[in-house]
Structures are given as structure tokens and as C-alpha cells.
Amino acid sequence: MADELKFPTNGVRRDADSLGESLSALIRDAYAPPGGEAYWPGLEQRIMARVASESQVETGWWSVLAPWGRPALIAAAAIFAIAGVINQQLVDTDNQLAYESAFQSSTPDVVSTSEEIMSLERGTDGATLSYFLSH
Amino acid sequence: MRIPDEERALAEAARKGDQAAFAGLVRLHQRRAYLVARAIVTVHEDAEDAVQEGFVRAWQAIERFDPSQGFGAWVNRIVANAALDITRRRKVRSTEELNDALQSPFRDPAQDAELKSRLSDALAQLPERARSVIVLHDIEGFTHVEIGEMLGIPGGTARSDLHHARQKLRTLLQDLRG
């Protein structure tokens, strides 16, 4: 029916092409939730129960630690840097000790070699050795 | 857009974490949100899931909401997205399910059963988006632009879908209307 297309109701914008009010009412009724008005407080409660549940998840015990996250990261970075410096110093010290120990252990050998040379020079082959050392 | 003072105050309080204020927003907007979801998913249980999910997402994102904008439009878009997620997950929706939904025992028993059956069949024959558009526009009064934002399509496409959906629905229900 042509007049079915021209019922402006419920604040719904209607134009000449709109569905008729009776058809709109049928669809509205078909898409209404079960339980009539009593449905809405229940839906609100269920929504808010989920919201509260989500909020609890958001504010779990671990969230207490959240404010400490940044300072903890800075502290960890500082500790890491200090540890690195200390480690480097230990390595340097070890190298120095190794070098010194190597140097000190070789000194008597040099001395003994010199002494050996001196004693050899005094031996029978002294002339030959003197020849090699001078060339 | 003129935002009612009550809604603005509730939105600002909710942004600061006030759950009671958020409950006030839910109370104000859950009906429209439900109808938006129902227009998209058609089945009551899915519509409720979409509404719950939509409001939970809105709560999680409330810090990003601009109180100078309408909370209803914002939450309806989120609910529509949640409903579209559900339809994507359950892509195949049988006519039987729609019939069951429309002939739920919660409906007015005085309603003409044959008319409802015909209507449910006709709606089921519409493409999913066309059905959503026709319900959102002709039943809920959303504009083409609002519908486009909710469904992720241009406003012009919503207008075109609406025109074709009306034509098809009229054709399907021609004998009833005559």
C-alpha cells in the first residue's frame, strides 16, 4: 500500500522509499531482545561484570610492579655498565700480571744465557763463539 | 553535535577509571548498541555477545575517547565491529537459525505467525549487508554515513545497498503488502 511508505515515527528519518510503518514495526519486534524491559538491567550487569573482570586482570598483582619497570631497567643498565667496566679492569690486570710474570720469568734465563756465554767464552770454544757473536 | 551534559560528565569520569560512570554510559547506550549488533548478526545470543564485547573494548580504550564527541556513535562503531567479527567467524548463517531467532518464544504470541514467518524468510534472503543497512536505517534511523562508518563501507554504498534491499524486500513481501 502506498500510504505504508509515509509514516514518520520514532524519530526515524523516512523518505518516499522507506519501508512502511507496519513492516518496520514487525522487524523491530522481531529484533527486540527477549524479556522486554527486564532484559536491559540484566544486560547492564553482565557488561559491567565483564568490565570489572577486565579491570581486575589489568590491575593484577604484577601491575604493582609496573611503576618500578623504568627504574628497574635503568638500574639494570647501570649495573651492566659497571660490571662491564669492572670486568675490563680485571682483564687488564690479568694481562698485566701475565705480562709481568712472563717478563720476570724470562729475565733469569737471559741472565743465565749471558752467564753461559761468558763462561763459554772462557772455555775452549770461546774463539768460535766470539766469532759468531761478532757477525 | 550537541552532547548532553550528563553523558559528557559520565564520559569524563569514565576516562578517569570510574566504573560507575561507565555503567551510566552503558545504561544510556546499550539499547541502541544491541539493535546495531542485532541488525548485523540477526541472532539474539550473538547480538548480546557483540554488545558485551563492544562495551568491554570501549572500556579498555576509554582513555582514547574524546568526550567532546558522542559516546553513542563511538561505542556503536565498536559494537558493530564486534558484531562483524562474529559474522566473519560464523560466516554461514542458515535460514533455520534466522527463523528460530525471529520465532523465539519471547515474542508477542499474538503476532501473526505467518507474517513473521514470511518476514523472516524475506530477511533471510537479503544479503547480509543489505539486511544490516535496511534495519539500521529504516528501523533504527541511522544515516547512511553513520551506517557506512559502522559497517566499514562508503556512505554512498550504504545508500545504494539500502535502495536495493528495500526493493528486494518489497518484492518478497509483495503479496502480504497488497
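In which loop of chain B is the place of T42(B)? In this predicted model, T42(B) sits in the loop between α2 (19-41) and α3 (44-60) of chain B. The residue is not a glycine, and yet it has a positive phi of about 70°.

Within α6(B), the residues L119(B), S120(B) and L123(B) are buried. When the helix is viewed down its axis, the buried residues of α6(B) fall within an arc of 100°, so they line one face of the helix. In an α-helix there are 3.6 residues a turn, so residues three or four places apart point the same way.

The two chains also meet: 29 residues of chain A are in contact with 36 residues of chain B. On the side of chain A that touches chain B, α1 (21-30) and α2 (39-58) of chain A each supply at least two residues, and the largest share, eleven residues, comes from α2(A). The residues of this side of chain A divide by class as follows.

| Class on the side of chain A that touches chain B | Count |
|---|---|
| nonpolar | 15 residues |
| polar | five residues |

Terms used. Residues are numbered from 1 along each chain as its sequence is written. Chains are lettered from A and ligands numbered from 1 in the order in which they are written. This is a predicted model: local features need pLDDT of at least 70, side-chain atom pairs count only at pLDDT 80 or more; totals for chains, interfaces and linings use all residues. Two residues are in contact if their C-beta atoms, placed from the backbone, lie within 7 Å. Helices (H or I, at least four residues) and strands (E, at least two) are DSSP runs, numbered from the N terminus. Ala, Val, Leu, Ile, Met, Phe, Trp, Tyr, Cys and Pro count as nonpolar, Asp, Glu, Lys and Arg as charged, and the others, Gly among them, as polar. A residue is buried if 20 or more other C-beta atoms lie within 10 Å of its own, exposed if 12 or fewer, and partly exposed in between; C-beta atoms are placed from the backbone. The arc is that of the directions from the helix axis to the C-beta atoms.
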